[in-house]
Amino acid sequence: MSAIDYSDKIPNNVNLSEDRALQRALEHWQPNYLSWWQDMGPEGAQGFDVYLRTAVSTTPDGWAHFGHVKMPDYRWGIFLAQPEADRRIGFGEHQGEAAWQDVPGEHRANLRRIIVTQGDTEPASVEQQRHLGLTAPSQYDLRNLFQVNVEEGRHLWAMVYLLHKHFGRDGREEAEALLERRSGDVDNPRILGAFNEKTPDWLAFFMFTYFTDRDGKFQLNALAESGFDPLSRTTRFMLTEEAHHMFVGESGVSRVIQRTCEVMKEHGIEDPAEVRRHGVVDLPTLQRYLNFHYSVTIDLFGADQSSNAAIFYSAGLKGRFEEGKRADDHLLKGESYRILDVKDGALVEREVPMLNALNEVLRDDFIRDSIGGIGRWNKVIEKAGLPLRLSVPHKAFNRQIGSFSGMKISPDGRVVSEAEWAAHVNDWLPADEDRAYVASLMGRVVETGRYANWIAPPAIGINKRPVNFEYVRFS
Ligand SMILES: [Fe+2]
Ligand SMILES: [Fe+2]
């Protein structure tokens with residue numbers, strides 16, 4: 001059951017060949033997916049041989065196989081984590097009942113919406129990142145970008161499988177629409193805001209994989225708790241891939257910081273303008289990128305108070321992060337949660353029913369988790385003996401969703417006037433000029449073992465290969 005059948009046209013561990021109608025439907029979707037990949041996948045890179053890992057089994061140990069493949073030949077398929085024997089629903093009104101193997105009629109519309117919203121983020125990020133290969137700082141980084149991209153493609157497959165198998169004609173239509181929306185398109189954009197932003201340079205890519213892929217981690221964890229067992233199993237396997245995406249982000253930013261610190265120490269300089277003259281990213285610019293990606297990402301958790309979140313939870317569709325480890329009644333009726341609100345132009349705390357605040361609960365879990373990596377980045381700066389520290393901005397800063405949307409709030413959490421905002425916005429968020437500077441650093445490095453000047457080489461390579469391994473063969 002855990003082994004993946006690669007003899008099928010669509011590799012899978014779900015016995016696809018036993019369901020001919022489903023197999024035909026997915027084989028019909030497959031060429032449309034591949035043509036989307038050709039159009040919207042990594043630009044100019046379809047002929048490269050890339051050192052990629054491919055899933056060979058969904059058991060926790062040794063599921064990956066590494067080898068050079070051309071991306072269009074990557075074996076995208078359908079992999080579900082092992083079924084848990086006698087799995088029970090762990091929260092909400094169906095708590096204790098057997099997990100559903102089929103979609104309960106009354107939850108069909110909500111489950112479809114949850115799956116489509118998750119599914120839409122996967123191709124969106126591939127679209128956002130499609131130009132980055134043209135300016136990769138090394139083969140190692142290029143390979144990591146492509147690994148993330150093919151896995152996001154597979155995550156789309158995971159959601160499309162659920163739509164095809166469990167949602168009939170509606171599901172098939174949604175699966176087509178997932179290939180039709182485009183990140184940033186005015187007429188037919190991707191569903192969520194952060195997935196319509198540009199990822200124009202590699203600093204943005206590393207911040208995106210650190211913060212926005214971490215949103216993925218939290219959403220997938222919440223869905224892994226779902227009473228709908230196929231959704232739980234597919235998201236559990238997706239999470240094993242997500243870990244690598246966040247690693248790419250955390251280590252990428254860390255290497256940028258390391259290189260900047262080396263240059264600052266070597267020349268005894270701290271002034272950002274001087275730092276830039278040496279062709280590395282000054283730390284204040286890095287902080288502004290961090291502010292942007294963090295604030296855009298925490299918007300993804302949705303409104304601070306949401307009746308949908310309450311419905312999804314009570315119905316057993318979407319749990320909390322690590323639901324099983326929490327020692328409450330998993331019903332949450334009568335529980336409250338403190339959220340931030342705005343009163344008379346100031347930020348105030350307010351108690352609200354916890355069921356309505358579950359978006360905020362997940363956002364706060366995300367915030368705690370994302371702060372950890374920032375501490376590790378600061379260690380790099382500290383070790384270099386430099387005084388600056390990076391931090392996340394206040395959670396009300398630069399929000400477009402929820403109570404703070406439309407308000408002007410500084411990174412330290414003060415409600416500020418339009419005039420103060422306008423005077424400081426270029427200190428708080430990347431200005432055009434910052435982006436232009438970072439863009440000016442981006443140049444394509446293709447030689448094996450060479451790294452661009454603005455980023456340190458990684459400490460170790462992929463799959464115990466050296467850092468100067470030939471991760472990509474250009475042909
Ligand atoms: Fe993903
Ligand atoms: Fe991801």
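Tutor: The crossing of α6 and α10 is right-handed, and since the model is a predicted one, what follows describes computed geometry. Helix α10 covers residues 358-383, and α6 and α10 pack with their axes 9 Å apart at an angle of about 20 degrees. Angles under 35 degrees count as roughly parallel, and α6 and α10 are therefore roughly parallel to each other. On the α6 side of this contact stand E250, V253, S254, I257, Q258 and C261, which meet G373, R376, W377, V380 and I381 in α10.

Helix α5 is formed by residues 202-224 and helix α6 by residues 229-267, and their axes come within 8 Å and cross at roughly 155 degrees. Angles over 145 degrees count as roughly antiparallel, so α5 and α6 are roughly antiparallel to each other. As for handedness, α5 passes α6 in a left-handed crossing, and the residues of this contact of α5 with α6 comprise 15 nonpolar, 8 polar and 6 charged.

Taking the two partners of α6 together, then, α10 is roughly parallel to α6 and crosses α6 in a right-handed sense, whereas α5 is roughly antiparallel to α6 and makes a left-handed crossing with α6.

Technical notes:
Residues are numbered from 1 along each chain as its sequence is written. Chains are lettered from A and ligands numbered from 1 in the order in which they are written. This is a predicted model: local features need pLDDT of at least 70, side-chain atom pairs count only at pLDDT 80 or more; totals for chains, interfaces and linings use all residues. Axes are lines fitted to C-alpha atoms, for helices over the stretch in contact, and angles run from 0 to 180 degrees between N-to-C directions. Helices (H or I, at least four residues) and strands (E, at least two) are DSSP runs, numbered from the N terminus. Angles under 35 degrees count as roughly parallel, over 145 as roughly antiparallel, 65 to 115 as roughly perpendicular and the rest as oblique. A crossing is left-handed if the near helix is turned anticlockwise from the far one by less than a right angle, and right-handed if clockwise. Ala, Val, Leu, Ile, Met, Phe, Trp, Tyr, Cys and Pro count as nonpolar, Asp, Glu, Lys and Arg as charged, and the others, Gly among them, as polar. Two residues are in contact if their C-beta atoms, placed from the backbone, lie within 7 Å.
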